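Here is a friendly briefing to read alongside the model. Keep the viewer open and follow the topics in turn.

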Amino acid sequence: MNPLYLLESVERAYPRGGSTVHALRGVCLEIHPGELLAVEGPSGSGKSTLLQLLGAMDVPTAGRVDFDGRALANAKDKELTRLRRDAIGFVFQQFNLIPTLTAVENVEIAMVRPARERALELLATVGLADRAEHLPSRLSGGEQQRVAIARALANDPRVVLADEPTGNLDATTAQEVVDLLIGLNTDQAVTVIVVTHDEDVAVRMRRRVKLRSGEVVSDSVA
Amino acid sequence: MPSIRYVGNELRRRRTRTVLTAFGLASGVGLVMGIVGVSDGLDEAQAKVLSPLSSVGTDILVTRTVGATTSTASASPSPSATPGVTREGPGFFAAGGPPGARGGNALESLNDSDATALLNDNSSVITDLSKLGKAGTRFTHDFFLSGTMLTFPSAALDTIKAIDGVASATSALTLQAQHQTGTVPEIVAEVKTGGETLTTTARPAEMTSAEQTAFRSCIQRNGGFGGPVNQSSGPAPAPSPGSGGEVRRVEIGGFGAVNKCLPKRFQEYEAKVVTPLRTIQQLVNPPQTDTATTSWTAAGVDPKSPGSGLITKQNISSGTWFTGAANEVVLSTTYAGKQKLAVGGTLTVNGKAYKVVGLADPTLTGNTADVYFPLSTLQDVATRTGRVNEVLVKVADSSQTDEVAAAIKKALPGAQVVTSKDIADTVTGSLHDAQQLANRLGGALTVIVLISTFAVAVLLTLSSVQKRVREIGTLRALGWTKRRVVGQVLTETALIGVLAGVVGIAAGYAVSVAVGLLSPDLSATSSGVAAGASQVGELFGQTTTSLTRSVSLSAPIHLSTIALGMACALLGALLAGAVGGWRAARLSPAVALRDLG
């Protein structure tokens, strides 16, 4: 089977002030469809940069990033945007819901073709069928993150990328959200990649990739 | 549609920004509308007061002034001319004169024919003291001058009416009148005229064969060339003094039969040769008496043309328009005040009484008169039968004014053709200054106001985008294209623009009302057209005619101004939206990931 992601000698450097910050130094990584993967590492280790490359939000300064056989390194913004919309779902630490839209509208706004039925269905799968018409401000943190997960699924993505999804949640709620992500992986065969520094989250993933100073220092499968 | 709801909700959530942006734009729109309104108000005041022709339902004024004629003197016998007073301007507007007959010497500013026409037209300046009565008695005498506005046959009116694009035309006669009162002096200057040797080369057309036959048979009948002489060639009859010219028989032979048998037109010609008016110079310097002269202006207007002419029915401020009687006059309000005359009063000119039927406020132009007569009445009074000196033309389509003016110039060489715009250009005064100011500053002010309000809108929109960095980044991460992000921001600002437009239009109305309440007065002075700066007029103490009018400024809001206001609001909003959208679209989706606290 083709790898979903193929990263070869990926470098990502940012100019900062007069010097250059090397966020990623020669990262090589293969991620296959259906994997349940944690990217770990302390802050500054390059995991956010890796997430941006995986999420087609950014391109490497050197090396190769392929998504399902398509090279992203030199892709134009339009292609990346389309790829994000059609194949990638995002879950953010801060939930990033549109505060003026209800839960169901937040799901709909991410859809290529907004469909109320489908949005409600997705909210039902995350257990929020009765909260569809609530504004984010009326929802708890866990509920907001579940709306965000429903939104991430709006266009039936091949991969869901979660950036510290439990960072703003208490331990119980965090476990519920992790359960939900694992459920997506097992029930719907969606590839789930979770960026986290929370051992409790990472330990529940099947594969753990550890980064330090922009390099992969450990890649283990449980 | 969450997108639409999103726009509405966004505007409501960021109410302060929405309201600030809208009111910023609205204030600009209101100001611009105010400026445009004032500018329109000035234009309308200009159109109303400063464009005298259009205010009397006319677009073009046709006159004949000295120096405008390009024809040379080629005096031809004129059977219709009254002996002694030949006002036919040779070559110009002359009825029946073929255009080809006119030579051209445009270099001479005042050529011979003009000089003659000028003097002829002003010949009634002669106050023939011998006719006023016995020495020592009081006399009053009004005489009429056309100044530099020379008269021409009223047939020119028909010529003009026939020109394409002329909707209607009416003729008028404006004369400067001199009112003299005094005592008949003891010494009356005796002026001898006539006796000059007249050299006139006339070439009547050759006799037609029919005429020749008739002539021959007539000669035969009357005994041939050897027949008795019926009429001896006696001395020329004594000229009557002061007639300004006299008739002289020209003997062409000693045979009475020839005289008798010549075709009529040869005889006619012989009877109508007019001597040049060389006595004028003597006559404009009458003997000094206690004669006092006051001047006034008289105008003859067509009573059947109440809609256009030197005055119109609309100018009548009290009384009525001419009812049709010949002995009616309309006075200008100022003149009536000076002369203490009112509607129903009587004005006496050369001993004849005229009934004042109305008072008028003539519109701003140099062609205003003190007394308006029915045209035919003034022609009689001033012995200008069949002559006018102004034709007021209304064109069918005002955009063709210049073309029609050119056509008139072509049809009537030497005519001075003036359009409304030409006259408006001569106007001075605070209204003129204000309009100049509005023209010069209005545009700049509008631009400054628009730039500053647009800048405010742009900055507020940019700040709003800055506050929504995470939100926009998220939408980009979710797959919103740059175009969709720009569209979102643009839609938001466009709605703000509509709101700003509505509020701004209301503000514009407020400015308009405020200007209307203040209604500052502006004055306008016109130096007039042809009658002004008349050399002959000055000779007789006639000062340049000018009229000052005062108008209240208003700032009317037209539909176009409202459209402009809305357009400005939308333009500003879209500009802000474009800049804000561009900024938003440049945001990396990665900003959604950043922990912004």
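In chain A, four strands make an open, antiparallel sheet in the order 2-1-4-5; strands here are DSSP E runs of at least two residues, helices are H or I runs of at least four, and both are numbered from the N terminus. Two strands pair if DSSP finds at least two bridges between them. Please note that this is a predicted model, in which local features need pLDDT of at least 70, side-chain atom pairs count only at pLDDT 80 or more, and totals for chains, interfaces and linings use all residues. Residues are numbered from 1 along each chain as its sequence is written, while chains are lettered from A and ligands numbered from 1 in the order in which they are written.

- Strand 1 (residues 5–16) of chain A runs antiparallel to strand 4 (residues 62–67) of chain A, and five bridges link them.
- Within that pairing, Leu7(A) stands opposite Val65(A) of strand 4 of chain A.

**Chain A: the six-stranded sheet**

- Another open sheet of chain A has six strands in the order 6-7-8-3-9-10, with mixed pairing.
- Strand 6 (88–91) and strand 10 (215–221) of chain A each have a single partner strand, so one side of each lacks a neighbour in the sheet.
- From one strand to the next, the twist averages 15° (axes are lines fitted to C-alpha atoms, for helices over the stretch in contact, and angles run from 0 to 180 degrees between N-to-C directions).
- Strand 6 of chain A and strand 7 (residues 159–163) of chain A run parallel, joined by four bridges.
- In strand 7 of chain A, Val160(A) is the bridge partner of Gly89(A).
- Helix 5 (residues 141–152) of chain A packs on the sheet and touches strand 6 and strand 7 of chain A, with its direction at about 170° to that of strand 6 of chain A.

**Chain A as a whole**

- Chain A has seven helices and ten strands.
- Of its 222 residues, 48% count as buried, meaning that 20 or more other C-beta atoms, placed from the backbone, lie within 10 Å of a residue's own.
- Among contacts in chain A with a separation of 6 or more, 68% join residues 24 or more positions apart; a contact requires C-beta atoms, placed from the backbone, within 7 Å.

**Where the chains meet**

- The contact draws on 26 residues of chain A and 21 residues of chain B.
- On the side of chain B that touches chain A, helix 1 (2–13) and helix 15 (469–477) of chain B are the elements giving two or more residues.
- Helix 1 of chain B provides the largest share of that side, six residues.

**Strand 1 of chain B**

- Strand 1 (residues 60–63) of chain B is covered on both faces: Ile60(B) and Val62(B) are buried on one side, Leu61(B) and Thr63(B) on the other.
- Strand 1 of chain B runs antiparallel to strand 13 (residues 416–419) of chain B, with four bridges between them.
- Four bridges also pair strand 1 of chain B with strand 12 (residues 390–395) of chain B, again in the antiparallel sense.
- Thr63(B) has Gln416(B) as its bridge partner in strand 13 of chain B and Glu390(B) in strand 12 of chain B.

**Nonpolar cores**

- The largest nonpolar core has 119 residues, and those with the most contacts inside it are Val107(A), Leu123(A), Val160(A) and Val29(B); such a core is a set of buried Ala, Val, Leu, Ile, Met, Phe, Trp, Tyr and Cys residues joined through C-beta atoms within 7 Å.
- Helix 2 (residues 15–50) of chain B gives the most to this core, twelve residues.
- A second, separate core of 56 residues includes Ala298(B), Val301(B), Val330(B) and Leu359(B).

**Helix 14 of chain B**

- Helix 14 (residues 430–467) and helix 18 (residues 559–585) of chain B pack at about 35°, their axes 8 Å apart.
- Gln435(B) lies in helix 14 of chain B and counts as buried because it has 24 C-beta neighbours inside 10 Å.
- Gln435(B) and Asp40(B) lie 395 residues apart in sequence, yet their C-alpha atoms are 9.5 Å apart in space.

Notes:
Contact = placed C-beta atoms within 7 Å. Buried ≥ 20, exposed ≤ 12 C-beta atoms within 10 Å, placed from the backbone.
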